[in-house]
Amino acid sequence: DSPYENSFLNCAYYSEDEFLQCFKDSKLSSLLSLNIQGIGSKFSNFQEFLNNFKYSMFSFDILALQEIHNVHDKDSFFINGYHELIDKSRTSSNGGGGVAFYVSNVIKFKILEELSIFHDKIFESIFIEAELPDNTKIIVGNVYRSPSLLH
């Protein structure tokens with residue numbers, strides 16, 4: 001039995017303008033999912049990317065990152081306006097993979113361990129239940145599947 005068998009999954013790709021329009025009237029102003037391919041080496045570029053949106057008076061409520069690789073010091077990856085990085089990384093020393101969330105400071109959340117299946121190099125996930133400012137609760141999942149399984 002899979003915990004996801006009754007789940008509806010939807011993914012869409014947008015231009016920057018389309019993206020901003022989609023969430024104009026949404027309770028959750030936005031969620032960004034990004035394969036960062038190593039947070040350690042891309043963190044400054046990632047912060048610059050986020051700052052570009054702030055200049056347009058737009059910010060993301062939840063940031064979902066894949067392929068974070070190993071995170072040794074969470075304090076090194078602090079982003080103003082967000083809770084501490086929530087991550088699940090591979091235990092093997094060769095790194096790769098891994099998933100993480102940044103959640104806006106205005107959103108309460110809890111990690112859903114029972115849904116957060118994590119098998120190194122096979123299926124890596126982390127799920128949270130987020131309580132939005134209007135008290136609406138949503139479940140958000142971040143999943144990374146190893147490219148070797150796609151063949």
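Where in α2 is the kink centred? Select N45: the helix bends there by about 30°, the bend being the angle between axes fitted to the seven residues ending at a residue and the seven starting there. Before moving on, note that this is a predicted model, where local features need pLDDT of at least 70, side-chain atom pairs count only at pLDDT 80 or more, and totals for chains, interfaces and linings use all residues. Residues are numbered from 1 along each chain as its sequence is written, and side-chain values use heavy atoms, with hydrogens and water left out.

Now colour the whole of α2, residues 39-54. Helices here are DSSP runs of H or I with at least four residues, strands are runs of E with at least two, and both are numbered from the N terminus. Show the side chains of I39, F43, F46, L50 and F53, the buried residues of this helix; buried means under 20% relative accessible area, with a 1.4 Å probe and protein chains only. As background, an α-helix has 3.6 residues a turn, so residues three or four places apart point the same way.

Next, look at what α2 lies across: β1, β2 and β4. The helix runs at about 150° to β2 (axes are lines fitted to C-alpha atoms, for helices over the stretch in contact, meaning heavy atoms within 4.5 Å, and angles run from 0 to 180 degrees between N-to-C directions).

Select the open sheet of 4 strands, in the order β1-β2-β4-β3 with mixed pairing; two strands pair if DSSP finds at least two bridges between them. β1 (31-35) and β3 (86-88) stand at the edges with a single partner strand each, so one side of each has no neighbour in the sheet. Zoom in on β2 (residues 62-66) and β4 (residues 99-103), which run antiparallel and are joined by 5 bridges.

Time for some rings. The whole structure has 3 aromatic pairs, counting rings of Phe, Tyr and Trp (its six-membered ring) with centres within 6.5 Å; planes under 30 degrees apart are stacked, over 60 edge-to-face and the rest tilted. Pick Y82 and Y102: their ring centres are 6.2 Å apart and their planes at 70°, so this pair is edge-to-face. Y82 sits in the loop between β2 and β3 and Y102 in β4, so the pair ties together parts 20 residues apart in sequence. Y82 is buried at 7% relative accessible area, and Y102 is buried at 0%.

Terms used:
Buried means under 20% relative accessible area, exposed over 50%, partly exposed in between (1.4 Å probe, protein chains only).
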